[in-house]
Amino acid sequence: MNQAVDRSARLQLEDLSHRYPRTGEPALSGLSLSVEPGELVAFLGPSGCGKTTALKVIAGLLRPTSGDVLVDGRSVLGVPPESRGMAMVLQKPLLFPHMSVEANVGFGLRMRNVSKDRIGRRVGTALRQVRMEGFADRRPNELSGGQQQRVALARALITEPRLLLLDEPLSALDANLREEMRGLVKEIQREGGYTTVFVTHDQEEAVVLADRIALLFEGGLHMYDKPRAFYDRPASRRVAGFFGATNFIRGWARNSAVETPLGHLKLARNAPPGDITLTIRPEAVRLEGGENSFPARVTEVAYLGTRVACSLDAAGVELQVALPPQARPHEGEEVTARLPAGSLWALEE
Ligand code: ATP
């Protein structure tokens, strides 16, 4: 770990719940997780699942109905937002239009009566961090959307936060710029070692950026793990579906074998006995014989440049398969398909 990480905070959320008084609906229910120093965690989930509510509770803009927020092991519920050592960047940069970039970035320090010299130096550093040196004299309306968001980021970094809270900061940008900015956010976060919570509804963004992803549905945490785990071992059918899984095979498990309409399938590990659903990523399905193979018919083929997407029908079960681009399956062709044991995952219902 780099030295900067020593400065960054450990964040713990303990059984956090929130109800907005007017609606009374629980926007957050029993959220518990911890973010390690220097870690970037993405809060991911569909619109309305409570991501922003969680971030506001962490920042101190909302008081939770119950539960606690701890920074380095101490509750911060009694600490006002400006004293929590946190900085927040929102979807819209909200820069002061009449001020230069330099004045916008230095604003927070001027409010704290920091000397002019010091502000000048720190603004310079922050603008370098976001690769915006040379733009100090511009006004916000003379900047692109991405540049404005970089300035907003610099304004957050200048306060030397121990915790960086980013609420969909890239979602208003077009696709190319968003990708470029993802790279920059990651670089800045790594270089500065900031403990970061990044709110997004974009699964790809979470996977690219995050060390760990917290997936929320209706205010509840459904899975908290490294991005790869959401593909390889999703916690439930719902989690798998959110991450684009399409292959679901129902069966009856006994130890490491499952009776399914496709026949007797072996698993790499024991599954809980009884009714289960198996899932497998399209790219893990093989068109070959061997263990866990069965006859299937090709029902649809689409050439997608980097891969061939193919639908199979096997004993009434539909399977999606991603093949390398040189593969040439034909619609109606009878094939042998195989589901390697190591790639099959038994879902909790
Ligand atoms: P989005 O991705 O659309 O921003 P989100 O996951 O950030 O959504 P929240 O904004 O945290 O979701 O909202 C969670 C739930 O709380 C939603 O059902 C929303 O309608 C409700 N909610 C949010 N703000 C308020 C409020 N001020 N008063 C009442 N209910 C609210």
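An oxygen atom of the ligand is placed 2.6 Å from a side-chain N or O atom of S47. This is a predicted model, in which local features need pLDDT of at least 70, side-chain atom pairs count only at pLDDT 80 or more, and totals for chains, interfaces and linings use all residues. Residues are numbered from 1 along each chain as its sequence is written, and side-chain values use heavy atoms, with hydrogens and water left out.

**Ligand**

- Polar contacts are pairs of N or O atoms within 3.5 Å; within protein, one atom must be able to donate a hydrogen and the other to accept it, and residues adjacent in sequence count only if both atoms are side-chain atoms.
- A polar backbone atom of G50 lies 3.0 Å from an oxygen atom of the ligand, and a polar side-chain atom of K51 is 2.9 Å from a ligand oxygen atom.
- The protein buries 59% of the 640 Å² that the ligand exposes when taken alone (accessible areas come from the Shrake-Rupley method with a 1.4 Å probe; for residues, only the protein chains shown count as cover).
- The residues around the ligand are Y20, T23, A27, P46, S47, G48, C49, G50, K51, T52, T53 and E168, where a residue counts as near if one of its heavy atoms lies within 4 Å of the molecule.
- By class, this shell holds four nonpolar, six polar and two charged residues (Ala, Val, Leu, Ile, Met, Phe, Trp, Tyr, Cys and Pro count as nonpolar, Asp, Glu, Lys and Arg as charged, and the others, Gly among them, as polar).

**Helix 2**

- Helix 2 (residues 51–59) gives the most to the shell around the ligand, with three residues; helices (H or I, at least four residues) and strands (E, at least two) are DSSP runs numbered from the N terminus.
- Seven of the nine residues of helix 2 are buried, so the helix is largely enclosed by the rest of the structure (buried means under 20% relative accessible area, exposed over 50%, partly exposed in between, with a 1.4 Å probe and protein chains only).
- Those buried residues are K51, T53, A54, L55, V57, I58 and A59.

**Strand 1 and S17**

- S17 sits in strand 1 (residues 11–19) and is buried, at a relative accessible area of 17%.
- A polar side-chain atom of S17 is 2.9 Å from the backbone nitrogen of G30.
- Apart from neighbours within four places in sequence, S17 contacts L28, S29, G30, P64, T65 and S66 (contact means heavy atoms within 4.5 Å).

**Positive phi outside glycine**

- E218, not a glycine, has a positive phi of about 45°; E218 lies in the loop between strand 9 (212–217) and strand 10 (220–225) and is exposed, with a relative accessible area of 55%.
- N292 has a positive phi near 65° and is likewise a residue other than glycine; N292 is in the loop between strand 14 (274–279) and strand 15 (293–303) and counts as buried at 6% relative accessibility.

**Whole chain**

- The protein chain has nine helices and 19 strands, and 49% of its 349 residues count as buried.
- The domain assignment, from an automatic or database source, gives domain 1 (3–232) and domain 2 (246–347), with 40 Å between their centres over C-alpha atoms.
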